[in-house]
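Welcome, and take a moment to look over the sequence and the model before reading on.

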Amino acid sequence: MTAVSSRTRPAKADSVLVKAVDEARAAAVDIGSDDAVGDHLGHDAEGERVVSHYFACDLAGYVGWRWAVTVTRASRSKLVTVSECVLLPGADAVLAPAWVPWDERVKPEDLGPGDLLPVSEDDYRIEPGYALADDEDVLEVVQELGLGREWVLSREGRDDAALRWFEGDTGPHTDIAKAAPGRCGNCGFAVLLTGTLGHAFGVCTNERTPFDGKIVAHAHGCGGHSDVRLPAPSEDAAEPVVDTLSYELVPLELDTP
C-alpha cells in the first residue's frame with residue numbers, strides 16, 4: 001500500500017480554534033460593527049493550528065459577502081490569536097464588473113462637443129510622419145502627398161481600419177449588398193480614397209442612399225448604383241379600350257350668333 005504524503009493530506013481542524021467563534025466574531029465586529037456581522041456560517045482548516053471562521057455580512061450593498069476571520073494558536077497554548085479579518089465575496093456575492101481601461105470603455109457616441117479623446121504615446125495605430133524638408137521642391141511634393149504631418153497612420157492602424165470597414169455595415173456581407181444590382185467599385189457616386197486604402201474603399205456621395213458620406217467597400221453595393229435606370233416605355237402598348245356599356249352620349253348644343 002502506498003503511503004499518503006503529509007503534504008497532500010487535508011489539514012485537521014484544531015478543536016481549540018474551532019470553538020473560538022466568539023473571539024473571531026469580536027474581531028469582525030471590531031473591524032465592522034454589531035449590525036455588520038451576521039450569523040456564523042462555518043469554518044475551514046487552513047493548516048496546522050490555523051482555522052478561518054466565516055460570518056454573514058449584513059451591510060447594505062454586500063449581498064452574498066462574508067467576514068473571514070483567521071485564528072491561530074501556538075503549540076501547547078490555549079491562547080487564541082487573530083491573524084487577519086477580511087471581507088470576502090461568497091458564491092452568490094454581488095460583484096462589480098471587471099475593470100476595463102477607459103480607452104476601451106469609450107464608445108464613438110460618447111464623444112460630444114468639447115470632449116477630448118487623448119491618444120496614448122504608444123498607440124500602435126499611428127507613427128511619426130515626415131514633417132520637415134530643407135529642399136522646397138521636396139517639401140512641395142511632401143505636402144502634395146499629405147505626408148507633411150507629425151503623425152501618420154501606421155500599417156497596423158490601416159489594417160485595423162480596413163478590417164473594421166470591410167466587416168461593418170458597408171462591407172460586402174450585408175443583405176443590401178448581396179441584393180444590389182452593382183458594386184460600389186464601379187459606381188459613379190463612389191469617390192476613391194487616396195493611398196493603399198483606395199484599392200478597396202471609397203466614399204459614397206449619393207444623397208439618396210443611407211450610405212451618403214460613409215466609407216464603402218468596393219465590393220459593397222445598394223440599389224442606388226449609378227447604372228440603375230428606369231425601364232423604357234414599351235412600344236407595343238395596347239390601344240385604349242372604351243367601355244361602351246358605361247357611358248352615355250350627350251348632344252352638344254352650341255349658341256348661334
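Let us begin with Cys85, which counts as buried because its relative accessibility is 19%, and the cut-off for buried is under 20%. Please keep in mind throughout that this is a predicted model.

**Cysteines**

How many disulfides does a search of the whole structure find? The search comes back with zero. A disulfide is a covalent bond between the sulfur atoms of two cysteines. Cys204 shows how such a pairing can be ruled out: the nearest cysteine sulfur belongs to Cys222 and is 6.1 Å away, whereas a disulfide needs the two sulfur atoms within 2.5 Å. Cys204 is therefore in no disulfide. Cys204 is also buried, having a relative accessible area of 11%.

**Salt bridges**

Side chains of opposite charge can pair when their charged atoms come close. Across the whole structure, a search turns up four salt bridges. Among them are the pairs in this table.

| Pair | Closest N to O distance |
|---|---|
| Asp14 and Arg73 | 2.9 Å |
| Arg49 and Glu48 | 3.1 Å |

Glu48 counts as exposed because its relative accessibility is 64%, and Arg49 counts as partly exposed at 24%. In the pair of Asp159 and Arg158, Asp159 is partly exposed at 38% relative accessibility, and Arg158 is partly exposed too, with a relative accessible area of 23%.

**Backbone details**

Most residues other than glycine have a negative phi, and most peptide bonds are trans. Arg49 is not a glycine, yet its phi is positive, at about 55 degrees. You can find Arg49 in the loop between S1 and strand S2 (50-57).

Arg76 also has a positive phi, here of about 65 degrees, although it is not a glycine. Where is Arg76 found? Its place is the loop between S3 and S4. Is Arg76 buried or exposed? Arg76 counts as exposed because its relative accessibility is 85%, and the cut-off for exposed is over 50%.

**Patches on the surface**

Which residues gather in a patch of negative charge on the surface? They are Asp34, Asp35, Asp39 and Asp58. One of these, Asp34, lies in the loop between helix H2 (21-31) and strand S1 (37-47). With a relative accessibility of 61%, Asp34 counts as exposed.

To place one of its members, look for Leu117 in the loop between helix H3 (102-105) and strand S5 (126-128). Why does Leu117 count as partly exposed? Its relative accessible area is 47%, and partly exposed is the range between the cut-offs of under 20% for buried and over 50% for exposed.

Methods: Residues numbered from 1 in each chain as written. Predicted model: local features only at pLDDT ≥ 70, side-chain atom pairs only at ≥ 80, totals over all residues. Heavy atoms only, no water. Patch = residues over 30% accessible without salt bridge, like charges linked within 9 Å, V, L, I, M, F, W, Y side chains within 5 Å. Areas by Shrake-Rupley, 256 points an atom, 1.4 Å probe, with all protein chains shown as cover. Salt bridge = Lys/Arg side-chain N within 4 Å of Asp/Glu carboxyl O. Lys, Arg positive; Asp, Glu negative; His and termini not counted. Charge placed at Lys NZ, Arg CZ, Asp CG, Glu CD. Helix = DSSP H or I, 4+ residues; strand = E, 2+ residues; numbered from the N terminus. Buried < 20%, exposed > 50% of the residue type's maximum accessible area, 1.4 Å probe, protein only.
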